[in-house]
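Thanks for coming. Please have the sequence and the model open while I go through a few places in it.

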Amino acid sequence: MTEPATTASKAPGLAPDEPGPGAGDPPALAVDRVGFGYPGRRVLDEVSLSVRAGELIALVGLNGCGKSTLLRLTAGMLRPDAGRIRVAGADVSGLPRRAAARRVALLHQTAPAVPGMTVRQLVRQGRYATRGPLGMLRDGDDAVSRRAMADVGVADWADRHVDELSGGERQRVRLALALAQDAPLLLLDEPTTYLDLRHQLEVLQLVVRLRTERRMTVLMVLHDLGLAARFAERLVALRDGRVAADGPPADVVTPDLLRDVFGVDGRVGRDPVRGWPVCYPDTPTALAPTPAPRPPAPAGRPADVPNSAGGEAR
Amino acid sequence: MLGCLTAAVLLAAVTGLLAGGAVAPGEVWPALTGGAVDPTTRHIVWQLRVPRVLVALVAGACLGLAGLVLQAALRNPLAGPEVTGVTPGAVLGAVAATAAGLAGWASPTAVVVAAVAGGCAGAGLLWLLAGRDRSDPAAVAVHGVLVSAVLGGLTAMVLLVAPGELGSVVQWLVGTTEARTWEHWALLWPWALVWGAAACLTAGPLMLLRCGEDVARAAGLASSRARGFALACAVGLTAGAVAAVGALGFVGLLVPHVALALLGADLRLALPGAALAGAVAVCGADAVAQLSSRAAVSWGAGHLSIPVGAVTTAVGAVVLLAVARRHTTEL
């Protein structure tokens, strides 16, 4: 069910320059054999991903596996050194910043505090891509940013200072900032960081609702595999800069995924009422070398785990 | 609030016109409106006081604006024109030109040209030294301190080698509005107008830069270019102000805090506000300097003229302490 680098892209025999004949609209996002690295360190290698308009995708993997880098590349904030990334048919790394920001909105994991800035002022900054430097001098309360604030439920605190808000409130304000860009593709880098359980669920439900209401495509990095399995329609796992699994959570979230992508022995069950996959992680194990998506060789020292941890996985 | 600041500017200007010693306050208005006063009074008011007040207002506006632009672009509330190499560069330019005999108080144009050139050279030096770290505000600030220290040392060396002009130059190192003429005004205002207008038009990008590199770029700002343009505006404004009145301490550092506190984080308002507040600060400080000089003289201090820079530095040090304390408690 999970093969490495399985994608929905066209067969490699077709001309790579065209977005695919006869398919109607180009995919909302097409990542085509993208590579990226810093000197001495390869971050992404041959990553391919095709995303239909309206999909809600969670990107999971260990720290440093390239998830955030993939988001930055997709937003056009970094330039890939191999392959190409097209958003609705346009190569984002070739677009000017403003044009890229009209197509893709990216919510970063963290943002520095801005002393004295109100919610309204911060959310309005999302209009820059549409309005330009001089347009930003005009009226400060436009319909798009007002709607963005209303959509995430922060309209009532429009005149409060952002640094006075709680973590959960601030996250909603930052989501409103990304929505104010009015871009069809929304990228979220760990939108639930620093939030408690209740606010994690609130933010993700908000994302699911807005995706439907605004007909956006959403690609989000999530650290919590349980939340990813519950909220996403499709789950993409990265391991050492490569796509290790790609598919619906019910198919992809397995003990194999836990072991191969996260290096954790554990079990996977189902929520008794809702049926979504639930993980029961047990013990960290040695990660198999990258090009070994199959179960590791018996040399993976089973003797270290005297209890039945590995039982279900095998 | 901008209206209040404008009123404060007018008040400071009037006080500045009335504050001097040689003409009684009652004679200033008739002298301005062409009433019956003797020619010496008219000359003092028209040729000395009015240009002095005007230069102080515009130089203050430049410094306030430059400070806010710098603090927003570098995301550093304790950045000021002093740490971008511009002020020390301009001082060095003016001092070197004076020492080399190319310029002097008799030829303000030469001083202004030398100071602007020096200011731009100082900023250019920072630009070169910062190298790859140009997009890192903290690294730029550190290099700025370094450049400022080196340029300050060079200025001291020039002063030691050519001590002849020391008296007039030292006043200028502190910052003074004494003996500013219409020639200064004619050189200053077009320069200030161009760079000031450019700075105010960058309010949108500057607000995004204040939000941080990642947020700014995600929202569609080509941040390096925007920051470069904003810094160029700040350099132009600072160089103009320093060329006109010398290295006034603390104005560019503290006025932005006043503007942000009064007008909020919306830079469309805060930038003009910083210009007005800077004008009030320098013109008001000049009036205070003149009044305290008169008071000192009446107490028997002989001839004394306190430069405006001494007032801004004294007041500024206290305010800076307060600002720094507030920031450290926030951290």
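Start with strand 9 of chain A, residues 234–239, which is mostly covered: 6 of its 6 residues are buried. This is a predicted model, so please hear everything I say as a reading of a prediction. For strand 9 of chain A, both faces are covered. R234(A), V236(A) and L238(A) are buried on one side, and L235(A), A237(A) and R239(A) are buried on the other.

Which strands pair with strand 9 of chain A? Strand 3, residues 56–61 of chain A, pairs with strand 9 in the parallel sense, over 5 bridges. Strand 10, residues 242–247 of chain A, pairs with strand 9 in the antiparallel sense, also over 5 bridges.

Next, helix 1 of chain A, residues 67–74. This helix is mostly covered, with 7 of its 8 residues buried. The buried ones are K67(A), T69(A), L70(A), L71(A), R72(A), L73(A) and T74(A). Just after helix 1 of chain A comes G76(A), with a positive phi of about 80°.

Now a second sheet topic. In chain A, 4 strands form an open sheet in the order 2-1-4-5, with antiparallel pairing. Strand 2 (41–51) and strand 5 (90–91) of chain A are at the edges; each has a single partner strand, so one side of each has no neighbour in the sheet. The partner of strand 5 of chain A is strand 4, residues 82–87, and these two pair in the antiparallel sense over 2 bridges. R86(A) stands opposite D91(A) in strand 5 of chain A.

Is R274(A) buried or exposed? R274(A) is exposed, because there are 8 other C-beta atoms within 10 Å, and the cut-off for exposed is 12 or fewer. R274(A) lies in the loop between strand 11 (264–270) and strand 12 (277–284) of chain A. Taken with G89(A), R274(A) is 185 residues away in sequence and 37 Å away in space, C-alpha to C-alpha.

On to the contact between the chains. Chain B gives 23 residues to the contact and chain A gives 27 residues. On the side of chain B that touches chain A, the elements giving two or more residues are helix 9 (203–210) and helix 10 (213–218) of chain B. Helix 9 of chain B gives the most, with 6 residues. By class, that side of chain B has 13 nonpolar, 5 polar and 5 charged residues.

Last, confidence. The mean pLDDT of chain A is 82, and 84% of its residues reach 70 or more. Confidence in chain A is lowest in helix 4 (residues 128–135), at a mean of 87, and highest in strand 8 (residues 217–221), at 95. Over residues 1–23 of chain A, pLDDT stays under 50, and the model has 30 contacts beyond four places in sequence for that stretch. Over residues 292–314 of chain A, pLDDT is also below 50, and the stretch has 20 contacts beyond near neighbours in sequence. Where pLDDT is low, predicted coordinates should not be read in detail.

Technical notes. Residues are numbered from 1 along each chain as its sequence is written. Chains are lettered from A and ligands numbered from 1 in the order in which they are written. This is a predicted model: local features need pLDDT of at least 70, side-chain atom pairs count only at pLDDT 80 or more; totals for chains, interfaces and linings use all residues. A residue is buried if 20 or more other C-beta atoms lie within 10 Å of its own, exposed if 12 or fewer, and partly exposed in between; C-beta atoms are placed from the backbone. Two strands pair if DSSP finds at least two bridges between them. Two residues are in contact if their C-beta atoms, placed from the backbone, lie within 7 Å. Ala, Val, Leu, Ile, Met, Phe, Trp, Tyr, Cys and Pro count as nonpolar, Asp, Glu, Lys and Arg as charged, and the others, Gly among them, as polar. pLDDT is the predictor's confidence in each residue, from 0 to 100.
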